[in-house]
Amino acid sequence: MTLLKLKAEDAEDLETIAVLLQDSVVPMSEMAFKREEQRFAMVANRFRWETADGERVEGRIYERVHCGVRFEEVKSVQVQNLDQKRRDEILSLLTIGVGDGVIDLVFAAGGMVRLEVDRIACRLEDFDRPWPTQWRPAHPEETGDG
């Protein structure tokens, strides 16, 4: 069993982390911005794409793992289409986008967390043991739905 421990310091590195975090489940209660530390952190329930071997297979056992993600040198955080008072809400991370001085965490149903940053400084670290799941996330291009 290999647990991931990665860092991103440029857009290309962050794209790799975005691919690995795609379809992660993130409880609203597990996201926090520590303004005084200039740090945004979250805990995600990550599908282990690196062990999924490409095609979807009926009845196959896949894996998920808890993963900590943190962004350093964050100046501010803006939230769109997410009710921060609903701490019990579970979000599905679609992707991470990078723009000039911003990193966007894009969630299903139009939710987004925008981080205003000085530079890209992200760390991803799996923790705990992976657990089995029969459910592999599907995307429209895989199912023929779009």
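**View 1. Surroundings of S76 in a predicted model.** S76 touches F33, R114, L115 and E116, with neighbours within four places in sequence left aside; contact means heavy atoms within 4.5 Å. S76 is found in strand β6. Helices (H or I, at least four residues) and strands (E, at least two) are DSSP runs, numbered from the N terminus. Is S76 buried or exposed? S76 counts as buried because its relative accessibility is 18%. Buried means under 20% relative accessible area, exposed over 50%, and partly exposed in between (1.4 Å probe, protein chains only). This is a predicted model, in which local features need pLDDT of at least 70 and side-chain atom pairs count only at pLDDT 80 or more, while totals for chains, interfaces and linings use all residues. Residues are numbered from 1 along each chain as its sequence is written, and side-chain values use heavy atoms, with hydrogens and water left out.

View 2. Strands β6 (residues 74-80) and β9 (residues 112-117) run antiparallel and are joined by 6 bridges. Two strands pair if DSSP finds at least two bridges between them. V77 stands opposite L115 of β9. L115 is also among the contacts of S76. Strand β8 (residues 102-107) pairs with β9 too, in the antiparallel sense, over 5 bridges. Here D104 has R114 in β9 as its bridge partner. R114 is another of the contacts of S76. The hairpin of β8 and β9 has 4 residues between the strands, and A109 there takes a positive phi near 65°. In a regular strand the side chains alternate between the two faces of the sheet.

View 3. Rings of Phe, Tyr and Trp (its six-membered ring) pair if their centres lie within 6.5 Å; planes under 30 degrees apart count as stacked, over 60 as edge-to-face and the rest as tilted. F47 and W49 form an edge-to-face pair, 4.6 Å centre to centre with 65° between the planes. Both F47 and W49 are buried. F47 and Y62 form a tilted pair, 5.7 Å centre to centre with 50° between the planes. This pair links distant parts of the chain: F47 lies in strand β4 (residues 39-47) and Y62 in strand β5 (residues 62-72), 15 residues apart. F47 and Y62 are both buried.

View 4. The largest pocket has a volume of about 150 Å³. A pocket is an open set of points on a 1 Å grid over the protein atoms alone, where a 1.4 Å probe fits, with protein on both sides within 12 Å along at least five of seven lines; lining residues have an atom within 4 Å of a point. Grid points are joined across faces, edges and corners, and the volume is the space filled by probe spheres set on the points. The lining consists of M28, M31, A32, F33, F40, V77, V79, L82, Q84, R87 and V113. Which strand gives the largest share of the lining? Strand β3 does, with 3 residues. β3 (31-34) and β6 each supply at least two lining residues. F33, one of the lining residues, is also in contact with S76.
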